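Please open the structure in your viewer and keep the selection tool at hand.

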Amino acid sequence: MTRRVTLSDVAERAGVSRATASAVLSGKEGKSIRVSDEKRREILEAAASLGYVPNTAAQHLKRGDDNHIIAVFTYENIFPTDPKSEYYLFFAGIQQEAEKEGYDILILNNWAKDKSRSSRIRLASGAIMIGVTRDDEHITSLVKQDFPLVFVGRRQIGDNLPVHCVTFDYKPAVEAIVSHLDEKQIVYVSSKHSLAEPSADKSLFLHDYCNRNGIAVVDIVIEDEPCEEDMKRVLSSRAVIFDRLFIADLFAPVLPDRGIKCAIFEDDWTETHSTWTRWENRRLELGALAAKHLIAMLGGNEEPGESSVSIPLIIPE
């Protein structure tokens, strides 16, 4: 992954402080910081050789000439009005952190049939991206133009684009669930519609852990509805793990009282699976972390990368 050149890189190359490099590159030297002609030339040469591009959003914030707006952008048909929504706590966490730091929230969604609305994202200083579907061409354009973005959930855009995301720490959570089930064979049910990076990560961590511990995995990938053969394989198992709640719900009516150990690689955000092994709902914390990182990026204090929130296991009584 190609790392974005920062002001700190320029300062290090020129052998000056970050404040001095900032003063020169923003044209403010001589007011609070005095810089010699030779040192100014070295800073400019360092910036040119490294390919440094100023973060214009951060400059606006420092001058105080914008509205301190964070966009929450999604390609899904969602709006955080229902506390039972899958996305509600993400939005709530973002809003709480933004309010604490003095930022307003601009909520945008962009359906595939109306791509023109995506231009509104530039009304904000930066954006937090939520949702499974997306327009990679649009996102690639924003990243290449140095527009600050943070994704909720791991996302890979292109081969070498620096993308910042916050995600749940799936690996130890997945391993804890499999260890708790304590079976030599696991039936793992996913959907052909669950193609986002987090689902791929959970599957990878599951298979890696099972391979290392001599546990067989029977993979079932369902279409829109489970077929008769899928149902038979699930009902004949001793332990089954579902990738998402919506997949578990397709099988839930036939599972009670069969002695099958059931688990979900998700939190119970619907509050309808209290008897299933799952992990804690930390969506509020993840939303807040996304806002915290975006605000740090806007201030020039954060590099693109990945940060995570732990998700402790919940074992039903």
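Select F242, which is buried with a relative accessible area of 0%, where buried means under 20% relative accessible area, exposed over 50% and partly exposed in between, with a 1.4 Å probe and protein chains only. This is a predicted model, in which local features need pLDDT of at least 70 and side-chain atom pairs count only at pLDDT 80 or more, while totals for chains, interfaces and linings use all residues. Residues are numbered from 1 along each chain as its sequence is written, and side-chain values use heavy atoms, with hydrogens and water left out.

F242 and F251 form a tilted aromatic pair, 5.4 Å centre to centre with 40 degrees between the planes; rings of Phe, Tyr and Trp (its six-membered ring) pair if their centres lie within 6.5 Å, and planes under 30 degrees apart count as stacked, over 60 as edge-to-face and the rest as tilted.

Next, select W276, which forms another tilted pair with F242, at 5.6 Å centre to centre and 45 degrees between the planes. F242 lies in strand 8 (residues 239–242) and W276 in the loop between strand 9 (261–267) and strand 10 (277–279), so this pair ties together parts that are 34 residues apart in sequence. W276 is buried, with a relative accessible area of 9%.

Then select F168, Y170, Y188, F265 and W279 together, which form one aromatic cluster.

Finally, show the whole chain, where 47% of the 317 residues count as buried.

How values were computed
Helix = DSSP H or I, 4+ residues; strand = E, 2+ residues; numbered from the N terminus.
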